[in-house]
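I opened a new page for this structure. I wanted to know how the chain is laid out before looking at single residues.

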Amino acid sequence: MPAYSHILLAVDFSTNTDGVAERALSMCTALNARLSLVHVVEFVQFDFSSELTMPQELELDQELLELADKRLQQLGEKYGVVDSERFVSQGNTKREILRIAEEQQVDLIVIGSHGRAGIQLLLGSTANAVLHGAPCDVLAVRIRE
C-alpha cells in the first residue's frame, strides 16, 4: 500500500459523513498522515427574468457559504482537523474537490459513494467524476442506504 501522507476527506454533511470520516481517520492514524476536509457549496440558480427577485435571494450564496463554514468548523473540531486544513469552496463539486486536492498536494481523496444503478449510473456521480479526474488515488467509501 502506498504511504499516504496527506488525505483529503470530501464531506457533504449528510448522515453518512461520520461513517466515511471513520475510514479517513483510521487511515490517518495508521499511516501518521495529515487530514484535510473539504465541502463544496453548489451555486444557487436564480431566475432573473422575473421582476419579483428579492434582494434577500442575492445574499443566499453568502449565507450558504457561512453556514457551510460553521458546519465544517464543527466537524473539524470533532475530527481534530485544524482551521488551516479545512476548505469551504463554491462551484462545481467535482472541479473544486480536484482543485483543492491539487493545490494542497494530497495523496488520497476519500469520498462517500452511494453505488448508484440504472439511470443514476448513466448520469454519473460526484465520486465517479472525482475518481476519473483526480491527480491522486481515490477511496470511494460505499454508503449503504
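**Entry 1: the chain.** I noted at the start that this is a predicted model. I looked up the secondary structure and found six helices and five strands. Along the sequence they follow the pattern β-α-β-α-α-β-α-β-α-α-β. Of the 145 residues in the chain, 37% are buried. I then took the contacts with a separation of 6 or more, and 76% of them join residues 24 or more positions apart.

**Entry 2: the sheet.** In what order do the strands of the open sheet lie? I read S3-S2-S1-S4-S5, five strands with parallel pairing. Strand S3 (86–90) and strand S5 (137–142) are the edge strands, and each pairs on one side only. From one strand to the next, the twist averages 25 degrees.

I looked at one pair in detail. S4 and S5 run parallel and are joined by six bridges. Glycine 112 has valine 141 in S5 as its bridge partner.

**Entry 3: the cores.** Which residues have the most contacts inside the largest nonpolar core? They are Ile7, Leu9, Leu35, Leu37 and Val110, in a core of 24 residues. Two or more residues each come from strand S1 (6–10), helix H1 (17–31), strand S2 (34–41), helix H3 (60–79) and strand S4 (108–113). A second core is separate and has 16 residues, among them Val38, Ala101, Ile109 and Cys136.

I followed leucine 9 further. Leaving out residues up to four places away in sequence, leucine 9 touches Val20, Ala21, Ala24, Leu35, Ser36, Leu37, Val38 and Val110.

**Entry 4: the largest pocket.** I looked up its volume, which is about 430 Å³. The lining has 23 residues, and Asp12, Thr93, Ile111, Gly112 and Thr126 lie nearest the centre of the pocket. At least two lining residues are supplied by each of S1, H1, S2, helix H4 (93–103), S4 and H6.

**Entry 5: serine 113.** I found serine 113 in strand S4. Is serine 113 buried or exposed? Its relative accessibility is 18%, so serine 113 counts as buried, the cut-off being under 20%. With neighbours within four places in sequence left aside, serine 113 is in contact with Ala127, Ala140, Val141, Arg142 and Ile143.

**Entry 6: isoleucine 143.** I went on to one of those contacts of serine 113, Ile143. Isoleucine 143 is in the segment after S5. This residue counts as buried because its relative accessibility is 8%. Residues up to four places away in sequence aside, isoleucine 143 touches Asn16, Val20, Gly112, Ser113 and His114. I looked up the spacing to asparagine 16: 127 residues in sequence, and 7.0 Å in space from C-alpha to C-alpha.

How values were computed: Residues are numbered from 1 along each chain as its sequence is written. This is a predicted model: local features need pLDDT of at least 70, side-chain atom pairs count only at pLDDT 80 or more; totals for chains, interfaces and linings use all residues. Side-chain values use heavy atoms; hydrogens and water are left out. A nonpolar core is a set of buried Ala, Val, Leu, Ile, Met, Phe, Trp, Tyr and Cys residues joined through side-chain atoms within 4.5 Å. Buried means under 20% relative accessible area, exposed over 50%, partly exposed in between (1.4 Å probe, protein chains only). Helices (H or I, at least four residues) and strands (E, at least two) are DSSP runs, numbered from the N terminus. Contact means heavy atoms within 4.5 Å. Two strands pair if DSSP finds at least two bridges between them. Axes are lines fitted to C-alpha atoms, for helices over the stretch in contact, and angles run from 0 to 180 degrees between N-to-C directions. On a 1 Å grid over the protein atoms alone, a cavity is a set of points where a 1.4 Å probe fits but cannot get out, and a pocket is an open set with protein on both sides within 12 Å along at least five of seven lines; lining residues have an atom within 4 Å of a point. Grid points are joined across faces, edges and corners, and a volume is the space filled by probe spheres set on the points.
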